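Here is a friendly walk through one protein chain, with a few places worth a look. Have the viewer open as you read.

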Amino acid sequence: MINQKEAFLSHEADAWFFRNIEYIQKYDPKNDHVISLIKKYNLKPNSVLEIGCSGGYRLNSLKESFPNSKFFGLDPSSEAKKYCNTNFPLINFKNGTADDLSHLGSETIDLLIVGFVFYVIDRNILFKVISEIDRVLKNNGELIILDFFSEIPTKNKYSHISEIEAFSYKQNYDEIFTSSKLYCKIDKSTSSLIDKKLNSTNKYFDNVSVSLLKKNYQSCYK
């Protein structure tokens, strides 16, 4: 019996890449809430890691703004790696999954972006992923989480994987980090998955959220 991680490594990550190739090719950083958030807070990272970076288009946009910084991308899709290597060769791209960031040293990343990854992670390795993210992120570094907005944790069938019973798990993943009191929530916004516009309605399952957290060992303690 394979798990969701193995299904993504073997084929679903590539299938996702091809399903979204039109958006990837037409990507416009002006419509990217992650880019807007980085500009809004005037973040100037020397090192950036994006987990679930797809073809590296967001990292490339940041590379243009911070040409002297180091950029690392992680994605399970081999097709995404080919695309990134061809179009954005200055991005350090690695095929893999977020439970193993052993190619990066501890506390080496200033800004870490996790985009639509947490909701498809096997539950038995979720804390391993969180541990690896925390390990590589510097103290005083920033963490941006882009994922589905859901006030109530939900579990739904992930229809794109057919050979196993796969699920998507929607919840507010920023709360896992902030509950440790080692991360402070700086910003959180909600927008429509369809038109990307900020959205204040209660259509939890049609919306996405972008959260900015700051890691600091002491600032959350009074």
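This is a predicted model: local features need pLDDT of at least 70, side-chain atom pairs count only at pLDDT 80 or more; totals for chains, interfaces and linings use all residues.

## A side chain in a loop

The side chain of Asn172 comes to 3.4 Å from the backbone oxygen of Ser150.

Residues are numbered from 1 along each chain as its sequence is written, and side-chain values use heavy atoms, with hydrogens and water left out.

Where does Asn172 sit? Its place is the loop between strand 7 and helix 7 (174-178); helices (H or I, at least four residues) and strands (E, at least two) are DSSP runs, numbered from the N terminus. Asn172 is buried, at 7% relative accessible area, where buried means under 20%, exposed over 50% and partly exposed in between (1.4 Å probe, protein chains only). Not counting residues up to four places away in sequence, Asn172 touches Phe149, Ser150, Glu151 and Lys188, contact meaning heavy atoms within 4.5 Å.

## The kinked first helix

Helix 1 covers residues 4-19 and spans only 18 Å between its end C-alpha atoms, whereas a straight helix of 16 residues would span 22 Å at 1.5 Å a residue. The expected span is 1.5 Å times one less than the number of residues. Helix 1 also has a kink of about 55 degrees centred on His11, the bend at a residue being the angle between axes fitted to the seven residues ending there and the seven starting there.

The buried residues of helix 1 are Gln4, Ala7, Phe8, Glu12, Ala13, Asp14 and Phe17. They pack against helix 2 (21-25), helix 5 (78-87) and strand 7 (167-170).

## Helix 1 meets helix 5

How do the two helices cross? Helix 1 and helix 5 pack at about 55 degrees, with their axes 7 Å apart. Axes are lines fitted to C-alpha atoms, for helices over the stretch in contact, and angles run from 0 to 180 degrees between N-to-C directions. The pair is therefore oblique: angles under 35 degrees count as roughly parallel, over 145 as roughly antiparallel, 65 to 115 as roughly perpendicular and the rest as oblique. Asp14, Phe17 and Phe18 of helix 1 make the contact with Ser78, Glu79, Ala80 and Tyr83 of helix 5.

Phe17 is buried, with a relative accessible area of 4%. Beyond its neighbours within four places in sequence, Phe17 contacts Ile24, Ser54, Gly55, Ser77, Glu79, Ala80 and Tyr83. Phe17 and Tyr83 are 66 residues apart along the chain, and their C-alpha atoms are separated by 9.9 Å.

## Two positive phi angles

Most residues other than glycine have a negative phi. Ser54, which is not a glycine, has a positive phi of about 55 degrees. Ser54 lies in the loop between strand 1 (47-51) and helix 4 (57-65), and is buried at 4% relative accessible area.

Lys181 has a positive phi of about 65 degrees and is not a glycine either. Lys181 is in the loop between helix 7 and strand 8, and is partly exposed at 44% relative accessible area.

Notes
A polar contact is a pair of N or O atoms within 3.5 Å; within protein, one must be able to donate a hydrogen and the other to accept it, and residues adjacent in sequence count only if both atoms are side-chain atoms.
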